[in-house]
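Work through the exercises below with the model open beside you, and try each task before reading its solution.

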Amino acid sequence: MLRLVVCDWNGTLLREKLEETFFLGLCRRAVVRAIKRGHLRKLFRIMVAGLRGYREYRGALRRPDRVPHHITRVVEMLNPLVFRGLSQEELDDYTRLYARRAQPMLDPRVLAPLELARERFGLPVGVISSGCRSGIEATMSMANYPVDFICANDFWWDGNRTAGFRFNLTDNKLQLLDMVLAEHDVDPADAMYIGDGPLDAECFGRVGWPVVSFFALHRHRARFAREYGAFAPPNQAAFQEHLFAACEDKKLNHRDTAAPR
(Lines give C-alpha, C1' and ligand atoms only; values in the text may rest on other atoms or scores of the structure.)
Protein backbone atom coordinates (compact mmCIF):
# COMPACT_ATOMS: atom_id res chain seq x y z
CA MET A 1 0.00 0.00 0.00
CA LEU A 2 1.23 3.49 -0.83
CA ARG A 3 2.47 5.32 2.28
CA LEU A 4 4.52 8.25 0.94
CA VAL A 5 4.83 10.39 -2.22
CA VAL A 6 8.06 12.21 -3.07
CA CYS A 7 8.07 14.71 -5.94
CA ASP A 8 10.74 16.42 -7.95
CA TRP A 9 10.10 20.16 -8.43
CA ASN A 10 11.43 21.60 -11.70
CA GLY A 11 9.87 19.90 -14.70
CA THR A 12 7.51 17.97 -12.41
CA LEU A 13 5.38 20.21 -10.20
CA LEU A 14 6.72 23.40 -11.81
CA ARG A 15 6.87 23.75 -15.59
CA GLU A 16 10.31 25.39 -15.63
CA LYS A 17 13.23 22.99 -15.88
CA LEU A 18 15.84 25.15 -14.15
CA GLU A 19 13.81 27.65 -12.08
CA GLU A 20 14.88 30.49 -14.34
CA THR A 21 12.24 32.92 -13.11
CA PHE A 22 13.44 32.80 -9.50
CA PHE A 23 17.12 33.44 -10.20
CA LEU A 24 16.65 35.85 -13.09
CA GLY A 25 14.41 37.97 -10.90
CA LEU A 26 17.12 38.24 -8.26
CA CYS A 27 19.63 39.25 -10.93
CA ARG A 28 17.32 42.01 -12.19
CA ARG A 29 16.95 43.34 -8.65
CA ALA A 30 20.73 43.39 -8.23
CA VAL A 31 21.09 45.38 -11.48
CA VAL A 32 18.47 47.92 -10.40
CA ARG A 33 20.08 48.25 -6.97
CA ALA A 34 23.53 48.84 -8.48
CA ILE A 35 22.15 51.51 -10.84
CA LYS A 36 20.29 53.34 -8.05
CA ARG A 37 23.38 53.37 -5.85
CA GLY A 38 25.70 54.39 -8.68
CA HIS A 39 27.85 51.25 -8.30
CA LEU A 40 28.97 51.19 -11.92
CA ARG A 41 31.85 48.78 -11.40
CA LYS A 42 29.58 46.27 -9.69
CA LEU A 43 26.99 46.77 -12.41
CA PHE A 44 29.58 45.89 -15.03
CA ARG A 45 30.61 42.78 -13.07
CA ILE A 46 26.99 41.68 -12.76
CA MET A 47 26.43 42.10 -16.50
CA VAL A 48 29.56 40.08 -17.33
CA ALA A 49 28.57 37.35 -14.86
CA GLY A 50 25.07 37.37 -16.34
CA LEU A 51 26.39 36.74 -19.85
CA ARG A 52 28.63 33.94 -18.64
CA GLY A 53 25.76 32.52 -16.62
CA TYR A 54 23.53 32.54 -19.69
CA ARG A 55 26.09 30.42 -21.55
CA GLU A 56 26.10 27.94 -18.67
CA TYR A 57 22.30 27.95 -18.68
CA ARG A 58 22.24 27.12 -22.40
CA GLY A 59 24.71 24.33 -21.75
CA ALA A 60 22.43 22.91 -19.05
CA LEU A 61 19.48 22.93 -21.47
CA ARG A 62 21.50 21.06 -24.08
CA ARG A 63 22.87 18.48 -21.63
CA PRO A 64 20.34 17.63 -18.88
CA ASP A 65 22.78 15.10 -17.41
CA ARG A 66 25.23 17.98 -16.87
CA VAL A 67 22.79 20.34 -15.15
CA PRO A 68 24.51 20.17 -11.71
CA HIS A 69 27.88 21.10 -13.27
CA HIS A 70 26.50 24.11 -15.15
CA ILE A 71 24.29 25.41 -12.34
CA THR A 72 27.12 25.08 -9.82
CA ARG A 73 29.20 27.40 -11.99
CA VAL A 74 26.35 29.89 -12.29
CA VAL A 75 25.88 29.99 -8.51
CA GLU A 76 29.62 30.44 -7.94
CA MET A 77 29.62 33.48 -10.26
CA LEU A 78 26.47 35.07 -8.85
CA ASN A 79 26.94 34.43 -5.13
CA PRO A 80 29.24 37.41 -4.44
CA LEU A 81 27.38 39.76 -6.80
CA VAL A 82 23.69 38.88 -6.47
CA PHE A 83 22.89 36.41 -3.69
CA ARG A 84 25.03 37.91 -0.92
CA GLY A 85 23.96 40.78 1.33
CA LEU A 86 20.16 40.52 1.18
CA SER A 87 18.19 41.30 4.32
CA GLN A 88 15.41 39.01 5.52
CA GLU A 89 12.88 41.67 4.56
CA GLU A 90 14.28 41.99 1.03
CA LEU A 91 14.33 38.22 0.53
CA ASP A 92 10.82 37.74 1.93
CA ASP A 93 9.47 40.53 -0.28
CA TYR A 94 11.08 39.03 -3.36
CA THR A 95 9.95 35.49 -2.51
CA ARG A 96 6.32 36.60 -2.23
CA LEU A 97 6.58 38.33 -5.62
CA TYR A 98 8.15 35.24 -7.14
CA ALA A 99 5.47 32.95 -5.70
CA ARG A 100 2.74 35.00 -7.41
CA ARG A 101 4.56 34.66 -10.73
CA ALA A 102 5.28 30.96 -10.26
CA GLN A 103 1.75 29.83 -9.41
CA PRO A 104 0.56 29.67 -13.06
CA MET A 105 3.49 27.34 -13.79
CA LEU A 106 2.35 24.73 -11.26
CA ASP A 107 0.75 21.56 -12.62
CA PRO A 108 -2.72 20.94 -11.10
CA ARG A 109 -2.91 17.63 -12.96
CA VAL A 110 -0.48 16.28 -10.39
CA LEU A 111 -1.05 18.58 -7.44
CA ALA A 112 -4.86 18.38 -7.24
CA PRO A 113 -4.94 14.55 -6.98
CA LEU A 114 -2.08 14.62 -4.47
CA GLU A 115 -3.96 17.11 -2.29
CA LEU A 116 -7.08 14.94 -2.44
CA ALA A 117 -5.01 11.92 -1.41
CA ARG A 118 -3.55 13.87 1.53
CA GLU A 119 -7.05 14.78 2.69
CA ARG A 120 -8.74 11.43 2.06
CA PHE A 121 -6.00 8.98 3.03
CA GLY A 122 -3.64 11.07 5.16
CA LEU A 123 -0.93 10.41 2.56
CA PRO A 124 2.30 12.36 3.27
CA VAL A 125 3.57 14.29 0.23
CA GLY A 126 6.92 16.04 -0.05
CA VAL A 127 9.45 17.59 -2.43
CA ILE A 128 13.14 16.97 -3.01
CA SER A 129 14.78 19.42 -5.37
CA SER A 130 17.96 21.24 -6.32
CA GLY A 131 15.84 24.41 -6.49
CA CYS A 132 15.36 27.04 -3.79
CA ARG A 133 13.52 25.89 -0.69
CA SER A 134 12.10 29.30 0.22
CA GLY A 135 10.72 29.77 -3.31
CA ILE A 136 9.16 26.31 -3.36
CA GLU A 137 7.62 26.78 0.08
CA ALA A 138 6.17 30.20 -0.75
CA THR A 139 4.76 29.05 -4.08
CA MET A 140 3.09 25.94 -2.70
CA SER A 141 1.69 27.81 0.28
CA MET A 142 0.28 30.65 -1.81
CA ALA A 143 -1.30 28.14 -4.21
CA ASN A 144 -2.88 26.24 -1.27
CA TYR A 145 -1.05 23.00 -2.01
CA PRO A 146 0.56 22.21 1.36
CA VAL A 147 3.31 19.60 1.55
CA ASP A 148 4.69 17.71 4.52
CA PHE A 149 8.38 18.28 3.84
CA ILE A 150 10.74 20.05 1.43
CA CYS A 151 14.37 19.04 0.93
CA ALA A 152 16.05 21.65 -1.27
CA ASN A 153 18.84 24.19 -1.53
CA ASP A 154 18.52 27.57 0.13
CA PHE A 155 20.31 30.70 1.26
CA TRP A 156 22.62 30.71 4.24
CA TRP A 157 23.13 33.65 6.53
CA ASP A 158 25.89 35.79 8.00
CA GLY A 159 24.12 37.55 10.85
CA ASN A 160 21.06 39.31 9.46
CA ARG A 161 22.26 39.23 5.82
CA THR A 162 22.47 36.44 3.29
CA ALA A 163 25.95 35.03 2.80
CA GLY A 164 25.00 33.38 -0.47
CA PHE A 165 23.00 30.57 -2.03
CA ARG A 166 24.11 27.11 -0.94
CA PHE A 167 23.89 24.66 -3.85
CA ASN A 168 24.57 21.32 -2.16
CA LEU A 169 21.64 19.22 -3.38
CA THR A 170 22.47 18.50 -7.00
CA ASP A 171 22.79 15.02 -8.47
CA ASN A 172 22.38 13.19 -5.13
CA LYS A 173 18.60 12.72 -5.25
CA LEU A 174 18.78 9.00 -4.56
CA GLN A 175 20.67 9.66 -1.33
CA LEU A 176 18.06 12.24 -0.32
CA LEU A 177 15.23 9.87 -1.20
CA ASP A 178 16.74 7.15 0.97
CA MET A 179 17.08 9.62 3.85
CA VAL A 180 13.43 10.66 3.50
CA LEU A 181 12.26 7.05 3.41
CA ALA A 182 14.29 6.26 6.52
CA GLU A 183 12.98 9.32 8.39
CA HIS A 184 9.39 8.34 7.63
CA ASP A 185 10.04 4.62 8.22
CA VAL A 186 8.66 3.76 4.79
CA ASP A 187 9.77 0.80 2.70
CA PRO A 188 10.75 1.83 -0.86
CA ALA A 189 8.11 -0.56 -2.21
CA ASP A 190 5.45 1.56 -0.47
CA ALA A 191 6.65 4.89 -1.90
CA MET A 192 5.85 6.83 -5.07
CA TYR A 193 8.41 9.03 -6.79
CA ILE A 194 7.31 11.55 -9.42
CA GLY A 195 9.99 13.04 -11.68
CA ASP A 196 10.77 14.08 -15.22
CA GLY A 197 14.37 13.59 -16.32
CA PRO A 198 17.69 11.73 -16.21
CA LEU A 199 18.57 12.93 -12.70
CA ASP A 200 15.43 11.14 -11.46
CA ALA A 201 16.25 7.77 -13.03
CA GLU A 202 17.80 6.17 -9.93
CA CYS A 203 14.83 7.26 -7.83
CA PHE A 204 12.43 5.64 -10.29
CA GLY A 205 14.34 2.40 -9.86
CA ARG A 206 14.20 2.59 -6.06
CA VAL A 207 10.46 2.94 -5.37
CA GLY A 208 7.51 0.68 -5.92
CA TRP A 209 5.41 3.36 -7.62
CA PRO A 210 7.46 5.40 -10.14
CA VAL A 211 5.51 8.05 -12.06
CA VAL A 212 6.70 10.28 -14.90
CA SER A 213 5.47 13.89 -14.86
CA PHE A 214 3.29 15.44 -17.54
CA PHE A 215 6.02 17.99 -18.26
CA ALA A 216 8.59 15.28 -19.11
CA LEU A 217 9.76 15.01 -22.70
CA HIS A 218 8.09 12.24 -24.68
CA ARG A 219 11.34 10.33 -25.08
CA HIS A 220 11.88 10.38 -21.32
CA ARG A 221 8.33 9.19 -20.66
CA ALA A 222 8.86 6.29 -23.04
CA ARG A 223 12.31 5.46 -21.66
CA PHE A 224 11.29 5.45 -17.99
CA ALA A 225 8.18 3.41 -18.74
CA ARG A 226 10.34 0.87 -20.60
CA GLU A 227 13.34 0.72 -18.27
CA TYR A 228 11.76 1.26 -14.85
CA GLY A 229 8.11 0.35 -15.35
CA ALA A 230 7.18 3.94 -14.55
CA PHE A 231 3.58 5.02 -15.05
CA ALA A 232 3.26 7.84 -17.60
CA PRO A 233 -0.31 9.08 -17.10
CA PRO A 234 -2.08 10.42 -20.19
CA ASN A 235 -4.25 12.81 -18.17
CA GLN A 236 -5.19 13.92 -14.66
CA ALA A 237 -7.99 11.38 -14.29
CA ALA A 238 -5.61 8.51 -15.07
CA PHE A 239 -3.09 9.75 -12.53
CA GLN A 240 -5.74 10.16 -9.84
CA GLU A 241 -7.07 6.65 -10.48
CA HIS A 242 -3.55 5.25 -10.28
CA LEU A 243 -2.81 7.20 -7.08
CA PHE A 244 -6.05 6.27 -5.31
CA ALA A 245 -5.71 2.61 -6.29
CA ALA A 246 -2.26 2.58 -4.67
CA CYS A 247 -3.61 4.24 -1.52
CA GLU A 248 -6.54 1.82 -1.30
CA ASP A 249 -4.23 -1.17 -1.83
CA LYS A 250 -6.21 -2.45 -4.77
CA LYS A 251 -4.81 -5.38 -6.67
CA LEU A 252 -3.41 -3.20 -9.41
CA ASN A 253 -0.22 -4.16 -11.23
CA HIS A 254 1.01 -0.59 -11.55
CA ARG A 255 4.06 -1.50 -13.58
CA ASP A 256 1.84 -3.05 -16.24
CA THR A 257 0.04 0.29 -16.63
CA ALA A 258 3.22 2.21 -17.28
CA ALA A 259 3.25 2.45 -21.06
CA PRO A 260 2.77 6.06 -22.23
CA ARG A 261 -0.15 6.84 -24.50
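Predicted model: local features only at pLDDT ≥ 70, side-chain atom pairs only at ≥ 80, totals over all residues.

Residues are numbered from 1 along each chain as its sequence is written, and side-chain values use heavy atoms, with hydrogens and water left out.

**Exercise 1.** Determine which residues of helix α7 are buried and which are exposed.

*Solution.* Begin with the terms: buried means under 20% relative accessible area and exposed over 50%, with partly exposed in between (1.4 Å probe, protein chains only), and helices are DSSP runs of H or I with at least four residues, strands runs of E with at least two, numbered from the N terminus. In α7, which spans residues 173–183, the buried residues are K173, L174, L176, L177, V180 and L181. Seen down the helix axis, these buried residues of α7 fall within an arc of 160° (taken from the directions from the axis to the C-beta atoms), so they line one face of the helix. On the other side of α7, Q175, A182 and E183 are exposed.

**Exercise 2.** Identify the residues that touch the most other members of the largest nonpolar core.

*Solution.* A nonpolar core is a set of buried Ala, Val, Leu, Ile, Met, Phe, Trp, Tyr and Cys residues joined through side-chain atoms within 4.5 Å. Of the 61 residues in the largest one, the answer is L2, V5, L114, M192, I194, F239 and L243. Helix α3 (residues 67–83) gives the most to this core, with eight residues. A second, separate core of 21 residues includes L176, F204, F224 and A230.
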